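Here is a short briefing to keep beside you while you turn the model on screen. Have a look at the fold before reading on.

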Amino acid sequence: MHQIRYEDCKDTAQAREWLEKMANVEAQDESDSGGGLPGPIVWRDKTFSTYDKAHEYLEKTYRPYEQVGVKYKAPVKETKVMRDLNVRINDELGKKNEYIRSHMKKDTCTSKYVGCVGCGSKLSREHLSGNHCPVCGTDLRSISTLKRIEAFDKKVKMLRKRLEDETAKQAEKNGNVRWLVKFEYHC
Ligand SMILES: [Zn+2]
């Protein structure tokens, strides 16, 4: 078995030392052989504009059992724009869930049988449990329902992008530098 985890810390020698020490202790505790981390942390001198970008980089440059850290900029505090965007994202997700709940195929279907466009099955409404054809898995909801759900997703994606941009902007302006470290060890 192996364990991968991400931890972050302040950009001070003390914080970095402490993080490495704690990770070693935890790795020893979890490991049957008590080996700790397979190697020291490689502190790579690279800085990203957000936590997510640093995380993405560590995933993309993944090497097994490497302990590696990169820097990222974190905004000092949440601005009103960020707060508002978070509220709107949650709103949109809430509306989407409500829409999905009120448009379940089983509940909105008015005829006794439902035809599946995927495999041609004739399905009895009574026996439908979800929105998908039990034979081939095709989504049985109408195109307009699926389009509406897609529209929610698009909106959320757009809002998340705006939040990411705003977070990056704030981080650039008055960001404090932190380290994000990927740990991997046997346990
Ligand atoms: Zn089907």
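In what order do the 4 strands of the open sheet stand? They follow the order β1-β6-β3-β2, and their pairing is mixed. Please bear in mind that this is a predicted model; the mean pLDDT of the chain is 92, with 98% of its residues at 70 or more.

**The sheet**

- β1 (2-10) and β2 (42-48) each have a single partner strand, so they stand at the edges, with one side of each left without a neighbour in the sheet.
- From one strand to the next, the twist averages 25 degrees.
- β2 and β3 (residues 68-74) run parallel and are joined by 4 bridges.
- If you want to find this pairing on screen, look for Trp43 opposite Gly69 in β3, and for Thr47 opposite Lys71 in β3.
- β3 is also joined to β6, here by 7 bridges, and these two strands run antiparallel.
- Gly69 is a handy landmark on this side too: its bridge partner in β6 is Val181.

**Helices against the sheet**

- Helix α1 (residues 13-30) packs on the sheet and touches β1, β2 and β6 (176-186).
- The direction of α1 makes about 160 degrees with that of β1.
- Helix α2 (residues 51-60) lies across β1, β2, β3 and β6, and runs at about 160 degrees to β3.
- Together, β2, α2 and β3 make a right-handed β-α-β unit.

**The nonpolar core**

- Which residues have the most contacts inside the largest nonpolar core? They are Ala54, Leu58, Val70, Leu180 and Val181, in a core of 13 residues.
- At least two residues of this core come from each of α2, β3 and β6.
- The biggest share is that of β6, which gives 5 residues.
- Ala54 touches Phe48, Val70, Tyr72 and Leu180, leaving aside residues up to four places away in sequence.
- Is β3 mostly covered or mostly open? It is mostly covered, with 5 of its 7 residues buried.

**Confidence by element**

- Among the elements of the chain, helix α3 (residues 80-102) has the highest mean pLDDT, at 97.
- Helix α4 (residues 105-108) has the lowest, with a mean pLDDT of 88.

Technical notes
Residues are numbered from 1 along each chain as its sequence is written. This is a predicted model: local features need pLDDT of at least 70, side-chain atom pairs count only at pLDDT 80 or more; totals for chains, interfaces and linings use all residues. Two strands pair if DSSP finds at least two bridges between them. Axes are lines fitted to C-alpha atoms, for helices over the stretch in contact, and angles run from 0 to 180 degrees between N-to-C directions. Two residues are in contact if their C-beta atoms, placed from the backbone, lie within 7 Å. pLDDT is the predictor's confidence in each residue, from 0 to 100. A nonpolar core is a set of buried Ala, Val, Leu, Ile, Met, Phe, Trp, Tyr and Cys residues joined through C-beta atoms within 7 Å. A residue is buried if 20 or more other C-beta atoms lie within 10 Å of its own, exposed if 12 or fewer, and partly exposed in between; C-beta atoms are placed from the backbone. A crossover is right-handed if, with the strands pointing away from the viewer, the path from the first strand over the helix to the second runs clockwise.
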